[in-house]
Amino acid sequence: MTDNKQTNRLTGGQIDTSRSLKFSFDGKNYAGHPGDTLASALLANNVRLMGRSFKYHRPRGVLTAGSEEPNALVELRSGARQEPNTRATTAELFDGLEAKSQNRFPSLKFDAMAINDRFSHFLTAGFYYKTFMWPAAFWEKLYEPIIRKAAGLGSLSLQEDPDEYDKGFLHCDLLIIGGGPSGLAAALRSGRAGAQVILADEDFVFGGRLNAETYEIGDQSGQAWIAAAIAELEAMPNVRCMARTSVLGAFDHGIYSAVERVSDHLAVPPKGKPRQILWRIYSKRALVCAGAIERPIAFENNDRPGIMLASAMRAYANRWAVTAAPRVAVFTNNDDGHRTAVDLLAKGVKVTAVIDTRADAPRIADCELLAGAQVIDTAGRLGLNYVKIQQADGSERTIECGALGVSGGWNPNVHMTCHQRGRPVWNDAIAAFVPGDTGTPGMSVAGAAQGDFSTAAALQTGSDQAAAALHDLGIDAPAIDLPQAEDTPVNLQPFWYVKHGKGRAWLDQQNDVTVKDVKLAHQENFRSVEHLKRYTTLGMATDQGKTSNMGGLAIMAELAGKSIPEVGTTMFRPPYTPVPMGTMGGRARGKHFHPVRETPSHKYSTENNATFVEVGNWLRAQWFTKPGETHWRETVDREVNAVRGSVGVCDVTTLGKIDIQGTDAAQFLNKVYANAFAKLAVGKTRYGLMLREDGIAMDDGTTARLAEDQFVMTTTTANAVNVYRHLEFVRQCLFPDMDVQLISTTEAWAQYAVAGPNSRKLLQKIVDPEFDISNEGFEFMACREITVCGGLRARLFRISFSGELAYEIAVPTRYGDALFRKIMEAGQEFDVVPYGTEALGVMRIEKGHAAGNELNGTTTALNLGMGRMVSKKKDSIGSTLSEREGLNQPDALMLVGFKPVNNADKVTAGGHLMTKGTPKDAEHDQGYITSAAFSPSLNSSIGLGFLKDGGNRLGEVMILTTPLTGADVEVEVVSAHFVDPEGERLRA
Amino acid sequence: MIINHPLLGPRDAQEFTFLGDASLIDRPDWEAENAAEQFYEYAYLRDNPAGLHRELWFHETGDRSWLVVTRNTLTHEITDVEMASDVARSKGRSK
């Protein structure tokens, strides 16, 4: 049932009263009109109470009519689309909108946690810091969950977001931030001059403050002028008008970020449309036309629903034809506040009084004026009923009103001008900070954002600043005719807070920070504005103190006996308004977080029941389960035994491949590898160890010499990108005149390891007969360009990672799938198996080959047992520093193997090695296990690891301790080469 | 940030990988008498100026050029961009 009584609806406004939109708030049904926000529609339905405060759970209503709103945060929608902490003041009403209040239990009108309000003298600034200090162990398990539950805002749906989000890129000559009078004038002038212009405004209509005022522009209404301006701009191909688009931040070199709310005003995004788009805007110049934000005055109990900024009260009346209550009053320290009374009177609302702090306040509105008076208290449990006034003569008086408009003056919206460390400067005439040196090349400011508050000044400065910015770019923008507009001077007497009374006067309603809290912070010596902010939480959370910071600064200045500019402001940082995580993520969500690289045998592997493992972006087959196998170990053991018994094939395409060509290619390799390469013969392959300049091992792999001036280097899968980058650094930055060229060919060649005693017999069926690959014709470590399958060009390398007779064969990637299948077919008579990375890893551990676990960024050639490989006869990267004393101690860690003494025990990677009988602590640590596996060849768990002076400790029984699990195992130190230590198999 | 590549014009810094101080070009002579000391300084000691800093950027998703970018660390203003190979040659590096 719809309670369609919009009792507070006035006439006029920019809403379409011919249509009704149904919506619900906390389960109750209401109606509003197109053009409404959730806040304006709720006020129209006489709902002032919209939320509970963060800490004390006090009843709160709207303070503002814009994105600076601290109070009216609601949950929108339900189910997977439920969205917490949305400002009711910016949420566009649509038919069927569901909204819920937050931070209350069991209901908004009766909130049990409001008990906090009674204990407010305990919950002052720094309460958490003081109370939850100890015991430290209580923090994670007890304090934090309780605090989070009590002080939360909205709640998450915990369901997958069904909507899509996009990212986009835009370029322009001039980015205009804000589409009020200054922004529109700037857009008209620069658009007519032919410049590429982007005009962005966070609101769903352009016009900014003009929509909330009754001003005429020239001889037409403000709204008519806006409509004409937008119509003209939208017809220009060089101008892009972006409504519902908040510019979030100013970054280096003219780059701005912005979020466009494409579908937030619809129940569900249209098919194919994203919910929001995060734009990256590359601008040559930017003009900030972000307007100004009114600031409140603090007084006792100034947070009751119905008390709002005077500008908001006026906006609700003029733009949305709504008053928060039938009887209102205004509390101001400046002339502008009086206009609220004027406009509401004109709409037929009863204005009981204008209370002005100035003794000489002018009479502007046709209602009672209380000059030199102050609001000292208010009453009304869930909404304002009356205000208590202290009059100029000291007498007190009560005035009945359901809403109070408060104006403490206006703050230029300097946010965007401070993102690049710009600091605002104080302007006494308006008692506010205005942009100083923005520190942002290419940025200028116009209109109210610059402190020029009148409409005429906004139009003029917008037009002038646009022309100046374009002039910089060599674009001449002729003057445009600007219409006549209001040019009222600012008339204000700074007034920040009412000193009367002992109750609480709220500065920051979002964080429940009072005048007293600021005083307490000062008393406890948190006096810098940045300390004040952290200690009291003033200016934090979703509104970032847009309505509260100035009040806090003014009070701190007063207490410190300083001027406000001396106290200064806190930093302004992007984003200007909150951005959903989904928008930040864009399309990079779930499996789309990074691209997936599939190997050439991926399709075959999928068809053959492979389990895949992510290796960086690569998906590699980890093992291939056969029917009847119930455990992965069963599968891996079978694969290992099949390779060692006959033959297997494994996709090793993921290893980095770098083609190195040029007359100085050999000399270049001599520089980047620690061991010698210059004399490697054509047709041969060599293992190479690459060091970092600090002498630590960086990567290893084999490099084949295909011709006098051509090598093919392989790198580990993980380091392919880093090694390539490093090689280019060596080539371009260290040896720029070497004749050498590099290109990554990782994805150009499909490469397979064919390993096992029958590997040669299998390959002989595939390699074209004119190529002799017999043991004599193609010996261990040989390489050659060959053809296979009747003429397909290929490369063959006789290298082995498994320790068996083995080859790696490479063909252009597009033939990779076919070759894999061909090998499987040709190998049928040998019972060939495909094997995955797990079997590959087991076999390399059995063979004692180092891999990523051993090349872990802390180990040297010496540690790896390759100390003698580092040539001292030549200069190579890392050779000098590898000789440092500290890296060459007699008891240096050495790579050795480990076997459990009791065959049933397990060697665990990550475990540490202790000499028997010594305490198990870091001081007595002898080394650690890097790799471990079950070896089907030895029928035992085995491991590789680094042990102090390991080479001289073979046979010693040690304690392998794993404090994480508490397991202690006796292990014997053995050679790292568990299988075929003499290397006879791979030379067979 | 936008880096004005000497060959390709203005490119977004996202296309680049940062390495650090351009003094990494000045790799010492391994046969110098105090080579160990020189390499220690080369590998470990860096200036950290508040102001102009010459640094190495790699155009990883672009043309794979190493560039020497002169950047003001206080403002991020980029005042000069050179090919690292040109800088290396100008410092006498060759083969």
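Visitor: Which residue forms a salt bridge with R844(A), and how far apart are the closest N and O atoms?

Guide: E854(A) does, with its closest N and O atoms 2.9 Å from those of R844(A). Keep in mind that this is a predicted model. As a general idea, side chains of opposite charge can pair when their charged atoms come close. Here R844(A) sits in helix α21 of chain A, while E854(A), ten residues away, is in the loop between α21 (837-847) and β45 (893-900).

Visitor: Are E854(A) and R844(A) buried or exposed?

Guide: Both E854(A) and R844(A) are buried. Elsewhere, salt bridges with shared partners tie R77(A), R81(A), E83(A), D163(A), D264(A) and R275(A) into one network.

Visitor: Now to the interface. How should I read its size, and what area do chain A and chain B bury between them?

Guide: The size of an interface is often given as the accessible area lost when the parts come together. For chain A and chain B that is about 2900 Å², 55% of it on carbon and sulfur atoms. On the chain A side, H253(A), R725(A) and Q732(A) supply 20% of the buried area, more than any other three residues.

Visitor: How many salt bridges cross the interface of chain A and chain B?

Guide: Six are found there. One of them pairs R725(A) with E60(B), at 2.7 Å from N to O. Another brings R27(B) and E693(A) together at 2.5 Å. R27(B) lies in a loop of chain B and E693(A) in a loop of chain A, so this pair joins two chains. R27(B) and E693(A) are both buried.

How values were computed. Residues numbered from 1 in each chain as written. Chains lettered and ligands numbered in written order. Predicted model: local features only at pLDDT ≥ 70, side-chain atom pairs only at ≥ 80, totals over all residues. Heavy atoms only, no water. Buried area = accessible area lost by both parts, 1.4 Å probe. Salt bridge = Lys/Arg side-chain N within 4 Å of Asp/Glu carboxyl O. Helix = DSSP H or I, 4+ residues; strand = E, 2+ residues; numbered from the N terminus. Buried < 20%, exposed > 50% of the residue type's maximum accessible area, 1.4 Å probe, protein only.
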